[in-house]
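Student: Could you take me through how the features of a two-chain model are read, beginning with the general idea each time?

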Amino acid sequence: MNLMRLLRGQAAEPGWFDFPGGIHPPDNKAQSLQTPIAEFPLQAQYVVPVNQHIGALAVPCVTVGDQVLTGQIIAEAAGFISAPAHAPTSGTVTAIEDRPVPHPSGLTVTCIVIQADGQDTWRPRAPWPDWPARSHADLLQRLQEAGVTGLGGASFPTAVKLAADRAHIDTLVVNGAECEPYITADQALIRERAPTLYRGIEVVHKLYDFQRILIGIEDNKPDAIAALHAGLQALPETLRQRCEIRVVPTRYPSGGERQLIWLLTGREVPSGGLPMDLGMLCHNVGTLAAVADAVIEDRPLISRITTLTGDHLRRQGNIEVRLGTSIDALLAWAGLDTAPERLIMGGPMMGFALNEPGLPLVKATNCLLVPTEQELPTPPPAKPCIRCGHCEQVCPASLLPQQLMWFAQSREWDKAEQHRLFDCIECGACAYVCPSHIPLVQYYRAAKGTIHREKAEHQQAERARIRFEARQARLEQEAAEKEARRQQRAQAAKARQSESATAVDKASDPVSEAVERAKAKRTGEQGTPNTAPTANLSAEQLQARLDQQRDRLAKAEAKLADAAPEHRKAMQMTVSKLQQQIQKTEAQLQKAES
Amino acid sequence: MLVASSPHTIGPVSVQQVMFRVWLATLPGFAALIWFFGWGYLINALLAVSTALVAEAIILRLRRRPILFFLTDGSAVLTAWLLALALPPLAPWWIPVIGALAAIVFAKHLYGGLGNNPFNPAMVGYAVLLVSFPVEMTTRWGMPAALASEAHSLAEAAQVIFAGLRVEQTLVDGMTMATPLDVYKTETALTSAAVVREDPLFSAGWRLYGWEWVSLLYLLGGVVLIWQRVISWHTPVAVLASLALLALVFSWAGDQYMPIDLHLLGGATMLGAFFIATDPVSSATSNRGKLIYGAGIGVLIYVIRTWGNYPDAVAFAVLLMNFAAPLIDHYTRPRAYGEQRT
């Protein structure tokens, strides 16, 4: 209720700015916070996909049979936006093949399969206790080679984000909100490894020299907030003065990048833009801890903290697990009791359902949720929209979700875009409150997908049209040039002929006859080129000409059938001209024969 | 394993619950109606609701839609219920029946059923009745219990409703009267406000006669709905504010214009503002749109009551603004996060 917020005079309150909408689903975080972060035992086999980040696929740089060491690069970054993949443990590469990976569309992707040798022997490491003395380029290169990506969910290569133009960036937003229900990976990380997190902040601060560093965290994580405050005290004075821990109210989706920036600064990231446009960088706490490990310890991103939760698991909690571990093995370790109805990677609001448990864990796997039917019931069949407007009240992007759904249903893409479909962050708040249980987000995803596809198709068609027209113009030009050359030759020949004719004009009668013939021929050429004078032609010659003309007609007709609309008229004329010529020749042939 | 699109969890509110909560919020006002004006309201409600359910079931069958799935959503019950609250309590039995039929068959299902009706079905039903049967719709209001020589029982009310005017002429005359809005309007035209105020309907302070109580209880129900977030505050606040503002502006001429308290607490203002105008299907969607939509209703209520032929105007005001809702929506799309300010 905006009126209430207005009455509370929220804008004047220090610390945070209210964003519109949002919901309060049961947070279900306690069950996975009972135990400290566990270490998952080494497995016999790891499957490392080459697409664990946004951007170009990494390219495998090992071959089957190779011995690899822990932390060794096994797939290299390809292109500007990309990240390498590392061996999660030492062992032998046993296969490089396409395997299913965690992806909303059940994608299969090249995976490097490693049979572990159980030794977990590291490649030579070079920790940098003296990291503050290193250059920006060195730090960035180290980050790039460590394969660090955004661990909040999007998996954008961190080194690429940190390579941004430094001049105008003055604020670092540290995202520790973790608003999604069930997930506690960030909370567990903060409460146990706050010093590492602050090291990461220091590294990034070295790159940018921020004016202020805002750490956002929801008020339902008192233990993590305490750890943050304790860690802050250990920071050097100059840095500590620029750091602010901002406790924000618990309201989903406060941890969305755009929402958190609004909460902490009262500013909006422009539509289609990035936080950089406001001079801000936003990093997840897990990412920053990984940055510290990579730069200071020379420990590339080969493991992450994942929350195992849901009532189907007897052992719920957070676990540090190597990338490429089979999800099956994790669930078995957590005491999965029966075959689950659903397996969700990520949280209940924005996670996606996996269609099989045998997939590898990847850099983006912040949570594995195995709920029982009682816990998260399957939604009942959707009823028609009653336009109650609850969705609009909770939309953090101030969209009109129900209007968007109508437009998506009636395939009015232009109206959907006009109503800012692409500003939808797919947080699912609208679908959560919908009393008709309409899968709204699914409509938006489908609409976005269709619009993208149609735009791509349109562009392709446009390119094809331009290509066709260019080809047509080239052919016409070639034909024109050919014709010009032919005429040139004909003229030259004529000139030669008339010269020689003049030379022998008065010599003999046959010559004058020839001149007559040439004259006749010239008049013929000045007329339609294909209807040469026929007076002197034999029936055989006429027959040959007729065959030739028919041949040409057949070709022209075939061309007409394939012709683009804009060329059709010209082709039509050619065909009818040829038809006339054929009629004429036929008549002459008849005459010649009789 | 089940693979579905996110989110994988649903909130606690369903369509049935929305309908049920709205229905529940009308109950205090409904109880007051029965307390002050007799059992006719209950009979009306039962007639309207049962007619609506039967009509909905038949239409769903004709439209080959799942019958129980839609019948149990509670929307037909609520439509008929709201209609019955607006009908004169001693109207003949066929009034609620025809009204409910018009609402469900014409206003709801001919436009595509739940969620697709451009007009508020209950108000369509009411308007059909008011235009078609003006006598039955204006003269059968119950005499407030405090004014009637003897309180009428459920049996008596049923007799009037089902047996009709001709059988119990005297009883009906002793039991029915026009509404305060009607009385005020008719009588000020003949005399002056001062004289009208002497009418027992006003002079005794109408706390006795119930209208004020009914309205205040509707207000209470509406506030509960806003608190529960079933409805947003925008529409009712806009309706009441615009109506009150106009009533204040014109309050200098008491002989010509009704006083503000009568506007706000007389007639169907509170019922309309909290339960009719907030019907989401036929109203504007954005918050700003709802403010405009509600303000339009408030203005139209005032205009029709003051310069129109009908003593009350909620139904027509709501229906007219239903027409305008798509246009309002077109011009009131809120600025999205990150969208350039224009």
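Predicted model: local features only at pLDDT ≥ 70, side-chain atom pairs only at ≥ 80, totals over all residues.

Tutor: Residues are numbered from 1 along each chain as its sequence is written, chains are lettered from A and ligands numbered from 1 in the order in which they are written, and side-chain values use heavy atoms, with hydrogens and water left out.

Student: What is the area buried between chain A and chain B?

Tutor: The size of an interface is often given as the accessible area lost when the parts come together. Here the buried area (accessible area, with a 1.4 Å probe, that two parts lose on being put together, summed over both) is about 4700 Å², and carbon and sulfur atoms give 60% of that. In terms of contact (heavy atoms within 4.5 Å), 64 residues of chain A touch 45 residues of chain B.

Student: How many salt bridges are there between chain A and chain B?

Tutor: A salt bridge requires a side-chain nitrogen of Lys or Arg within 4 Å of a carboxyl oxygen of Asp or Glu. Between chain A and chain B the count is 3, and Arg420(A) forms a salt bridge with Glu339(B), where the closest N and O atoms are 3.7 Å apart.

Student: At what angle do the axes of α17(B) and α18(B) cross?

Tutor: Helices are DSSP runs (H or I, at least four residues), as are strands (E, at least two), numbered from the N terminus; axes are lines fitted to C-alpha atoms, for helices over the stretch in contact, with angles from 0 to 180 degrees between N-to-C directions. The axes of α17 (residues 287–307) and α18 (residues 314–331) of chain B come within 9 Å and cross at roughly 150°, which means that α17(B) is roughly antiparallel to α18(B) (over 145 degrees; under 35 is roughly parallel, 65 to 115 roughly perpendicular and the rest oblique).

Student: And what is the angle between α2(A) and α8(A)?

Tutor: Helices α2 (residues 136–146) and α8 (residues 285–297) of chain A pack at about 115°, with axes 9 Å apart, so α2(A) is roughly perpendicular to α8(A). Among the residues that meet are Leu139(A) in α2(A) and Val291(A) in α8(A).
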